[in-house]
Amino acid sequence: MNKRNYQKELDALIERNTREGIRPRLLLHVCCAVCASYVLEYLAPHFDITIAYYNPNITEESEYRYRYSELRRYVAEAGLSGSVHFTEVDYDPEAFLTLTEGREEEREGGARCALCFRQRLEYTARLCRDGGYDCFATTLTISPLKNAVTLNTIGEQLAEEYGVSYLCSDFKKKEGYKRSIELSKQYHLYRQNYCGCLYSKKEAESRTQTTG
């Protein structure tokens, strides 16, 4: 079986929509301003975007609020406020802690992370269905540390389960990740050094102590 080129698929979809004069309503799960920067730059010309900032994995509320404020600042300063909107979501760190109970010692990138991805994408899929959006997607695939195959597999499963459409992506392709770093520097965006949960923070602190 040939390996799917998710970014090529998305480019083809955008080209077809443009040719047919279609501008879908996209519900976009966003994890932070850094990851959103390039993704919004790439998608905003082709979709009416509503952001769902659903990240219960960010277990420190001050961190959660600061990342959200940076996201809203980027949207405003990048001149995207007219085409990119926000929907209210729950902040429920207990949901993540309950989900990952017993998995505290697992390393980043394993089964615990896959559960976290599914939790966040399932919430977005439900919002997509209930809000009547045309499709949903996530910015998570822009990270070199996130497995696009895992994320897209989960997204497609949830799309079938909830009767909605999911946009597969691999936003790190076509130098998307590099562009996100450039935009982060341009807008002086806060770049966190861990995913958000207390487990990833612990690993990040451990790395710092090892190399410090």
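Contact is taken to mean heavy atoms within 4.5 Å. The structure is a predicted model, in which local features need pLDDT of at least 70 and side-chain atom pairs count only at pLDDT 80 or more, while totals for chains, interfaces and linings use all residues. Residues are numbered from 1 along each chain as its sequence is written, and side-chain values use heavy atoms, with hydrogens and water left out.

Val84 is placed in strand S3; helices (H or I, at least four residues) and strands (E, at least two) are DSSP runs numbered from the N terminus. With neighbours within four places in sequence set aside, Val84 is in contact with Leu40, Ala44, Ile49, Ile51 and Val75. The relative accessible area of Val84 is 3%, so the residue is buried, where buried means under 20% relative accessible area, exposed over 50% and partly exposed in between (1.4 Å probe, protein chains only).

Strand S3 belongs to an open sheet of four strands in the order S3-S2-S1-S4, with parallel pairing; two strands pair if DSSP finds at least two bridges between them. Strands S3 (84-87) and S4 (135-138) stand at the edges and have a single partner strand each, so one side of each is left without a neighbour in the sheet. Neighbouring strands of the sheet are turned against each other by 30 degrees on average, direction ignored. Axes here are lines fitted to C-alpha atoms, for helices over the stretch in contact, and angles run from 0 to 180 degrees between N-to-C directions.

Strand S1 (residues 25-29) is joined to S4 by four bridges, and the two run parallel. In this pairing, Leu26 stands opposite Cys135 in S4. S1 also pairs with S2 in the parallel sense, over five bridges, and Leu28 stands opposite Ile51 in S2. Four of the five residues of S1 are buried, leaving the strand mostly covered.

Thr50 is located in strand S2. Thr50 has a relative accessible area of 10% and is therefore buried. Not counting residues up to four places away in sequence, Thr50 touches Leu26, Leu27, Leu28, His85, Phe86, Thr87 and Tyr133.

Helix H3 (residues 61-77) lies across strands S2 (48-52) and S3, and runs at about 155 degrees to S3. Tyr64 is placed in this helix, H3. Tyr64 is buried, because its relative accessible area is 2%. Residues up to four places away in sequence being excluded, the residues touched by Tyr64 are Tyr53, Asn55, Ile58, Val89, Asp90 and Tyr91. Tyr64 and Thr153 are 89 residues apart along the chain, and their C-alpha atoms are separated by 27 Å.

H5 passes H6 in a right-handed crossing; a crossing is right-handed if the near helix is turned clockwise from the far one by less than a right angle, and left-handed if anticlockwise. On the H5 side, the contact is made by Ala114, Phe117, Arg118, Leu121, Glu122, Ala125, Arg126 and Arg129. H6 contributes Thr150, Leu151, Ile154, Gly155, Gln157, Leu158, Glu161 and Tyr162. The residues of this contact divide into eight nonpolar, three polar and five charged. In this classification Ala, Val, Leu, Ile, Met, Phe, Trp, Tyr, Cys and Pro count as nonpolar, Asp, Glu, Lys and Arg as charged, and the others, Gly among them, as polar.

The cysteines were examined for disulfides, each defined as a pair of cysteine sulfur atoms within 2.5 Å. By this rule the count is zero. The closest cysteine sulfur to that of Cys31 is in Cys35, at 3.7 Å, which is too far for a bond. Cys31 is buried, with a relative accessible area of 10%, and Cys35 is buried at 14%.

Positive phi values occur in two loop residues other than glycine, Glu175 and His188. Phi of Glu175 is near 60 degrees, and the residue lies in the loop between H6 and helix H7 (176-186). Glu175 is exposed, with a relative accessible area of 53%. For His188, phi is about 55 degrees, and the position is in the loop between H7 and helix H8 (198-211). His188 counts as exposed at 66% relative accessibility.
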